[in-house]
Amino acid sequence: MLSLLYALTLFISSVQLDKRSVENIKMSLIESSSSSLLESSSSSSSAHQRDYEGAHHHHHHAPRVPRASRSKPRERHPDPFFTTPRTFNGSLRVHNPLFPVTEESYSAYAVMLLALTVFSAGIVGNLALMCIVWHSYSLKSTWHCALASLALWDFTVLFFCLPVVIFNELTKRRLMGDLSCRIVPYVEVTSLGVTTFTLCALSIDRFHAVTSVQARPPRVESCQSILAKLSVIWVGSLVLAAPELLMWRLEQRVSPRTGLPVDSCSQEPSAALPETLYSLVLTYSEARMWWRFGCFFCLPLLFTGACQLLTRHVTDEKRPSSAASSASSSPKKQRRERQLTHTVVALASVYAVCSLPENAWNIVLASAGVEVGVTTRALLTLIGQFLLFVRAAATPILLLCVSRSLGQAFMDCCCCCCDECLPPDSSSASSSTNATAVSSSLSSPVQEEKLKIVSGTSPAEFFDTVKDAPVELIIGTPC
């Protein structure tokens, strides 16, 4: 009985405790909900207040941020490129010998002055020679187009190779890196090949013109005929210079004196080449000096000299037999042939003078077995390249001075440019005066004969040919 009462008492007390715990939980939930409502109302009121102030004072504060971003701020991670620590090794620094002024600056200024003089004279001269051949209808022959082709390659050497070489000499860095180490020697050797084959072609043309049985006046040639003859020169030169693209590579070192990087090009074929090609390039590298001496120095000079001696010998043999039959036309023809011969001899002389020093010291150093330092070898290479640039700049000026047809065409183009710069009244008056002078000069039989010798036709047929010639037969436009 007592145990039953005791169990009933425990049950009643536990029920009361459960009721109290439930009531406590309810009270805590109510208090927490009320506090969250109060916080949300206060935050919304403050947000409305800030929006209101921002709307009225937008010119004093920064622009508002959207509410979504304000609820949860987004973390911004910095770019690892700007935060990763790295050491600067000075690879972007460039040596400047011009400032501050030191003893080295005087030689740098002298190199720049010489380079600017050669560059200006060569660019203007080669462009003038190409333009007058392009715009003169009477100069459309293989002879003059071969000279224009030579001027094109000289222009390429001056325009692309000279700035790279001068920049490397002044700053000790290489423009375009490893690419310029391959392209610059390739263009230079190609220019040597074009000059060599052009001299050989001009010598053969002179020999053929003098020794031919039936002398024919020079005629205007078609574009296909000229390009077919020039393509032999170009393709042969490009193929012979192809090993230069695989032989050079860029080397970089740090100067012990200045602590700056120094770029240099070395003759070392890449090990990634196939075995057969690597052996060929290595053989070319070892025989490069003698190959250039034999193919690009001895061949054009010996060929030109032999053709000149044979031409003179044949001319001396033909002179007694043809003295009576060609007494009237011989002085004009001899004067023209002598002028063209002098042009070839002048080209060969300039080429020999500019190419002889480099070949001479290369052979002397190779025969004596003398090992020169890096600085001396770089200086000799620079002098050889400067002589190449001087030849490329002096060749068009020499042609304009020696060749009478090119010089006259150049003066005519200059006169045309001066007439275009004159006022309209004076230009029309001068043009009418020139037209009257031309018509009156062409009325004489002597001038008609001169024009017939140049073009191979009569004056009327010549100008009708210029006007009515098809497009594929004309290169350029008349001046």
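The following legends describe close-up views of a predicted model of one protein chain.

**Figure 1. Overview of the protein chain in the predicted model.** The protein chain contains 16 helices and two strands. Of its 479 residues, 31% count as buried. Among the contacts in the chain with a separation of 6 or more, 76% are accounted for by residues 24 or more positions apart.

**Figure 2. Packing of helix 4 against helix 5.** The axes of helix 4 and helix 5 come within 9 Å and cross at roughly 160 degrees. Helix 4 is therefore roughly antiparallel to helix 5, because angles over 145 degrees count as such. The crossing of this pair, helix 4 and helix 5, is left-handed. The residues of the contact comprise 23 nonpolar, three polar and one charged.

**Figure 3. Two residues of helix 4, S105 and C131.** S105 belongs to helix 4, which spans residues 103-135. With a relative accessibility of 0%, S105 counts as buried. Leaving aside residues up to four places away in sequence, S105 touches P97, L98 and P100. C131 also lies in helix 4. The relative accessible area of C131 is 40%, so this residue is partly exposed.

**Figure 4. Packing of helix 5 against helix 6.** Helix 5 covers residues 142-171 and helix 6 covers residues 178-211. Their axes come within 10 Å and cross at roughly 160 degrees. It follows that helix 5 is roughly antiparallel to helix 6, since the threshold for this class is an angle over 145 degrees. The crossing of helix 5 and helix 6 is left-handed. Residues contributed by helix 5 include W143, L150, W153, D154 and V165. Among those that they meet as a group in helix 6 are V184, E188, T198, D205 and R206. The residues of this contact divide into 13 nonpolar, seven polar and four charged.

**Figure 5. The loop between helix 5 and helix 6, with K172 and M176.** K172 is placed in the loop between helix 5 and helix 6. The phi angle of K172 is near 60 degrees, a positive value in a residue other than glycine. K172 counts as partly exposed because its relative accessibility is 30%. M176 is likewise found in the loop between helix 5 and helix 6. Although M176 is not a glycine, its phi is positive, at about 65 degrees. The relative accessible area of M176 is 58%, and M176 is therefore exposed, the cut-off for that class being over 50%.

**Figure 6. The hairpin formed by strand 1 and strand 2.** Strand 1 (residues 248-254) and strand 2 (residues 261-267) run antiparallel and are joined by seven bridges. Six residues lie between the two strands. In the turn, G259 has a positive phi of about 75 degrees. In a regular strand, side chains alternate between the two faces of the sheet.

Conventions
Residues are numbered from 1 along each chain as its sequence is written. This is a predicted model: local features need pLDDT of at least 70, side-chain atom pairs count only at pLDDT 80 or more; totals for chains, interfaces and linings use all residues. Side-chain values use heavy atoms; hydrogens and water are left out. Axes are lines fitted to C-alpha atoms, for helices over the stretch in contact, and angles run from 0 to 180 degrees between N-to-C directions. Helices (H or I, at least four residues) and strands (E, at least two) are DSSP runs, numbered from the N terminus. Angles under 35 degrees count as roughly parallel, over 145 as roughly antiparallel, 65 to 115 as roughly perpendicular and the rest as oblique. A crossing is left-handed if the near helix is turned anticlockwise from the far one by less than a right angle, and right-handed if clockwise. Contact means heavy atoms within 4.5 Å. Ala, Val, Leu, Ile, Met, Phe, Trp, Tyr, Cys and Pro count as nonpolar, Asp, Glu, Lys and Arg as charged, and the others, Gly among them, as polar. Two strands pair if DSSP finds at least two bridges between them. Buried means under 20% relative accessible area, exposed over 50%, partly exposed in between (1.4 Å probe, protein chains only).
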